[in-house]
Amino acid sequence: MKKIVLVRHGESLWNKQSLFSGWTDVDLTSKGIEDARLMGHRLKSQNIQFNKAYSSVLKRAVLTLDLILEEIGQKNIQIIRDWRLNERHYGKLQGKSKVDILDELSWEQLHGYRRGYYTRPAALEMDDPRNAFFDPKYSSIPRELLPRTESLDDAYKRIIPYLEGHIMSCLADNENIILSLHGNTLRAILKYFDRLSDSEIEGVEFAIGDILVYNLDNDNNIISKEHI
């Protein structure tokens with residue numbers, strides 16, 4: 001049997017301020033660091049031995065993973081960080097307050113941007129300094145592959161091919177992995193694993209501090225899942 005363990009990063013500075021983060025590379029708060037250590041403590045009690053670990057390239061997911069692995073005493077395993085596991089890109093909403101934006105949008109419009117499966121915020125202009133192609137982290141990635149906004153459907157089409165082609169296809173028999181990710185990245189993966197419809201995923205949330213374990217057979221069929 002194999003285990004895929006999914007965790008969401010701890011509280012970030014922009015989580016605390018209720019700002020749209022997306023691809024903005026914000027750090028964890030002191031509470032976020034504690035969130036990560038507590039997740040590590042809970043995982044340690046499960047005595048799961050991991051073979052690999054994955055995260056996005058955004059520091060809130062990177063640091064969460066590092067702290068978890070430190071807590072469980074498994075810092076020496078292989079760690080893969082990939083931009084295709086990044087959070088959904090929120091376009092021009094990035095950096096805006098989820099509260100103050102209601103002065104510009106109706107609640108229904110805001111809900112659509114946050115939870116609607118096909119709704120895209122306005123894209124960043126090409127010369128906007130918030131664009132990923134101005135960030136050295138993405139210098140090796142062709143500019144046309146880097147989003148300037150995304151719906152959850154767009155993010156799904158980025159995340160799931162990577163999950164299938166670089167994670168699931170490489171998962172050896174009896175191997176356990178952990179993924180430290182973001183709310184919408186995790187929603188995309190839950191849609192895929194749980195075979196949820198486009199409308200069903202709109203009601204799904206993966207909260208900070210949640211740990212979800214999928215148990216798979218050696219043919220990568222899901223046997224069961226459990227919250228820790």
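Strand 4 (176-181) is covered on both faces: Asn176, Ile178 and Ser180 are buried on one side, and Ile177, Leu179 and Leu181 are buried on the other. Buried means under 20% relative accessible area, exposed over 50%, and partly exposed in between (1.4 Å probe, protein chains only). With 6 of its 6 residues buried, strand 4 is therefore largely enclosed by the rest of the structure.

This is a predicted model, in which local features need pLDDT of at least 70 and side-chain atom pairs count only at pLDDT 80 or more, while totals for chains, interfaces and linings use all residues. Residues are numbered from 1 along each chain as its sequence is written, and side-chain values use heavy atoms, without hydrogens or water.

**Strand pairing**
- Helices (H or I, at least four residues) and strands (E, at least two) are DSSP runs, numbered from the N terminus.
- Two strands pair if DSSP finds at least two bridges between them.
- Strand 1 and strand 4 run parallel, joined by 6 bridges. Leucine 6 has leucine 179 in strand 4 as its bridge partner.
- Strand 2 (residues 52-55) also pairs with strand 4 in the parallel sense, over 4 bridges. Here lysine 52 stands opposite isoleucine 177.

**Nonpolar cores**
- A nonpolar core is a set of buried Ala, Val, Leu, Ile, Met, Phe, Trp, Tyr and Cys residues joined through side-chain atoms within 4.5 Å.
- The largest has 30 residues; Ile4, Leu6, Tyr54, Leu179, Ile189 and Tyr214 have the most contacts inside it.
- Strand 1 (2-8), helix 5 (152-167), strand 4, helix 6 (183-194) and strand 5 (211-216) each supply at least two residues of this core. Helix 5 gives the most, with 8 residues.
- Apart from this core lies another, of 15 residues, including Leu43, Ile48, Ala53 and Ile72.

**Helix 4**
- Leu110, Gly112, Tyr113 and Arg115 are buried in helix 4 (residues 107-115).
- The buried residues of helix 4 pack against helix 6, with contact meaning heavy atoms within 4.5 Å.

**Aromatic rings**
- Rings of Phe, Tyr and Trp (its six-membered ring) pair if their centres lie within 6.5 Å; planes under 30 degrees apart count as stacked, over 60 as edge-to-face and the rest as tilted.
- The count comes to 7 aromatic pairs. One of them is tilted: phenylalanine 20 and tyrosine 90, 5.0 Å centre to centre, with 55 degrees between the planes.
- These two partners are 70 residues apart. Phenylalanine 20 is buried at 0% relative accessibility, and tyrosine 90 is buried at 7%.
- The charged end of lysine 98 sits over the ring of phenylalanine 20, 5.5 Å from its centre. The rule requires NZ of Lys or CZ of Arg within 6 Å of the ring centre and within 35 degrees of the ring normal.
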